[in-house]
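Please look over the sequence and the structure shown below before reading on.

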Amino acid sequence: MPPPKDVVKIAIQMVGAIPQLIDLQQTKPLASVLKDVCDAWSLPNAEHYALQYTDGRQTYITESNRGEIKNGSILRLTTSPDQEAERLYSGIQSNNSDVKTDSLKKLASLSQDVTFAQEFINRNGLKKIFCIVEEGNDKGEMLAHTLKAFMELMEHDFVSWETLSAAFIKKIVSYVNMNAVDASVQQLALSILENMVPTSRVLFELVKKEVTLDRLLTHLQVTNAQLQLKAMALLIALLLAAADAERQEMMDYLREKNIRQFIHKNIIHSSEPLADEMAHYLYVLQSVSLNLCERRMRTSMDPYSQEQRELLQSLRQTAFESESEAPTSNFSTDRRRSLCAKEFRKLGFVNNSNPAEDLRRAPPGLLALDNMVYFSRHTPNAYSRFVLENSSREDKHECPFARSSIQLTLILCEILHVGEPCSETAQAFYPMFFGQDHFFEELFCICIQLVNKTWKEMRATQEDFDKVLQVVREQITRTLSLKPTSLELFKTRVNALNYSEILKLRQTERLHQEETLAVPVLELRERLKPELLELIRQQRLLHLCEGTLFRKISSRRRQDKLWYCRLSPNHKMLHYGDVEEGVNSPPIESLPEKIPVSDMKMLLVGKECPHTKEKSSGKQNKDVLELAFSIMYDMEEYCLNFIAPTRYEFCLWTDGLNVLLGKEMTSERTQTDLDVLLSMELKLRLLDLENISIPDTPPPIPKPPSNLNFCYDFSHAEQ
């Protein structure tokens with residue numbers, strides 16, 4: 001008979017004593033439980049003790065979290081949080097440097113626990129930490145422990161960042177700006193400033209003023225990868241917190257300092273592999289930079305703006321001024337207007353009498369005009385060749401430059417997600433973005449010439465305009481998916497992917513997707529499905545056994561903290577626990593927490609997950625919702641919450657957990673894998689029937705012969 005639900009069998013340890021095995025009654029007050037434990041070891045003053053986990057983060061047991069204790073847990077009897085807070089509060093004020101260092105080290109460790117943190121803060125412990133930092137007498141290891149403790153205490157949000165004193169902030173800033181400072185101290189100082197920036201406008205302006213972009217660029221150039229990462233984190237925090245005008249100013253300054261080229265050479269192409277966190281920051285930097293185009297993208301052309309009209313006229317003049325026989329100033333107004341309309345028609349504007357109307361649509365708005373002007377000024381030969389080549393054609397095969405440019409600009413904005421908010425988890429940046437200034441404009445220059453090339457390959461007319469641009473979109477997206485490292489390489493690859501190659505790829509994919517629809521083949525598919533689905537189930541469980549590294553993400557900022565989860569080889573336990581940065585595949589023994597598979601009751605995904613409901617709707621992020629899933633276990637009272645690093649991991653984990661729960665695999669990846677396996681298996685089985693048509697119905701069975709006595713009678717041979 002199983003034990004009652006409110007009774008948990010646990011072990012309690014104490015240094016120098018024989019462990020106690022007890023049945024913990026969850027309905028019994030924790031103070032009474034502690035008294036019984038202390039009485040068993042003849043310890044007075046039970047109120048001075050507390051229970052604590054022995055593994056993981058060694059959290060204190062309280063009335064609020066005692067429900068998380070599982071059967072078989074091992075706890076430790078230790079000093080209560082209030083006693084420990086009092087002891088460390090005194091220890092950090094000691095004149096003995098060894099005692100002070102040990103106290104600060106222990107404080108940095110214990111401050112991760114919310115119960116201890118509250119006790120320490122209630123004793124004005126933060127004020128003492130402020131004093132240690134402001135006095136500036138401590139250096140090296142002692143200072144690093146102090147800043148680490150401060151970070152952990154502030155993580156619990158008991159105290160607002162806005163309450164920090166000017167002297168404290170100035171000291172933190174000095175650690176970033178000074179050269180002769182220990183690297184671990186500089187990393188922590190950068191992290192503190194990164195946390196301060198998003199909390200208030202005042203703190204943002206203070207940090208922006210005191211920590212110059214030049215100083216951050218200096219930190220980016222060091223060989224210490226962690227220091228480089230923290231400097232990048234602060235830079236990104238400043239960019240995200242800045243107003244539009246400030247962000248534009250900061251990006252212009254970074255461009256002057258050639259930050260893109262530095263990142264391209266020393267970070268992306270460094271000998272060390274790129275960390276996930278750095279990849280995310282590079283994605284955000286790319287996104288912020290591209291989003292500077294949003295204002296122009298969403299602004300329609302104003303036909304009464306002199307500046308915009310001059311830009312529009314410059315397109316016409318650059319293309320046609322050399323072939324004008326006489327200056328247009330000698331013509332009458334009507335003649336001049338008629339000539340301009342003709343030239344704008346040759347440029348490919350739909351509304352040639354008033355070309356500004358073509359640019360009233362936003363997006364792409366004025367961004368399309370900017371791209372056309374950039375193309376005409378920076379590659380005038382290619383521009384003139386494009387326009388004149390098509391304007392001289394009279395066989396309805398001319399490619400309209402302006403109309404194509406407007407649509408291409410819109411396509412590039414959609415592909416590069418211009419104007420969309422930054423994702424909290426994405427790491428997909430384009431290496432070539434950091435190898436080129438004016439990336440968007442230069443990419444446009446390559447792609448508009450691609451439009452003309454593809455147009456000619458397709459022998460397109462005006463009626464085929466949408467088809468051509470659809471092919472161009474496919475050419476661009478397929479080439480970008482290869483992650484070319486430079487625009488030159490992109491140009492080479494995208495031009496090699498001509499229309500005939502696109503047709504071949506489409507045909508190959510169609511053959512993969514559309515298997516022969518003959519009835520026997522369909523029946524064979526159905527027979528193969530159970531076997532292949534079982535193969536997919538085994539692969540999913542094998543992936544869960546290998547485990548995955550997950551990140552903890554809060555609504556306030558992207559967290560550095562990592563945890564690992566993996567399934568035991570016998571598929572009976574799910575092991576998990578916190579790990580340090582750089583640990584890729586920790587052994588299963590090092591993961592302290594575990595959940596029996598038999599206790600798992602339900603899988604939740606997306607908005608159903610408790611950790612997505614906790615966030616306010618204003619901070620919800622679409623990509624986080626798409627990657628979130630939770631396991632409900634132990635009579636549906638507890639949840640283990642996940643945010644997958646990628647959609648691929650999300651599919652594999654949700655499938656694997658559904659297999660463990662005895663349910664169908666529902667992810668889109670399952671269908672994709674099944675289609676691939678079915679396609680391969682069918683091709684192998686039908687290999688001998690290549691070029692042979694398979695009838696929809698089986699051939700008729702011939703009538704039996706009149707004489708069936710043609711079998712050899714072995715009985716006569718035996719005699």
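Why is strand 1 largely enclosed by the rest of the structure? Five of its seven residues are buried, where buried means under 20% relative accessible area with a 1.4 Å probe and only protein chains counted, so strand 1 is largely enclosed by the rest of the structure. The model is a predicted one, in which local features need pLDDT of at least 70 and side-chain atom pairs count only at pLDDT 80 or more, whereas totals for chains, interfaces and linings use all residues. Residues are numbered from 1 along each chain as its sequence is written, and side-chain values use heavy atoms, with hydrogens and water left out.

**The sheet**

- Four strands, in the order 2-1-4-3, make up an open sheet with mixed pairing; strands are DSSP runs of E with at least two residues, numbered from the N terminus, and two of them pair if DSSP finds at least two bridges between them.
- Strand 2 (20–25) and strand 3 (49–53) are at the edges with a single partner strand each, so one side of each has no neighbour in the sheet.
- From one strand to the next the twist averages 40°, the axes being lines fitted to C-alpha atoms and the angles running from 0 to 180 degrees between N-to-C directions.

**The partners of strand 1**

- Strand 1 (residues 7–13) runs parallel to strand 4 (residues 74–79) and is joined to it by three bridges, and Ile-12 stands opposite Leu-75 of strand 4.
- With strand 2, strand 1 pairs in the antiparallel sense over six bridges, and Lys-9 has Asp-23 in strand 2 as its bridge partner.
- The hairpin of strand 1 and strand 2 has six residues between the strands, and Gly-16 in this hairpin takes a positive phi near 80°.

**The whole protein**

- The protein contains 30 helices and 11 strands, helices being DSSP runs of H or I with at least four residues.
- Its radius of gyration, taken over C-alpha atoms, is 34 Å, well over the 27 Å that the globule rule gives for 719 residues, so the protein is more spread out than a compact globule; that rule is 2.2 Å times the number of residues to the power 0.38.
- The C-alpha trace of the protein spans about 110 × 110 × 40 Å along its principal axes.
- Of the 719 residues in the protein, 46% are buried.

Note on methods. Buried < 20%, exposed > 50% of the residue type's maximum accessible area, 1.4 Å probe, protein only.
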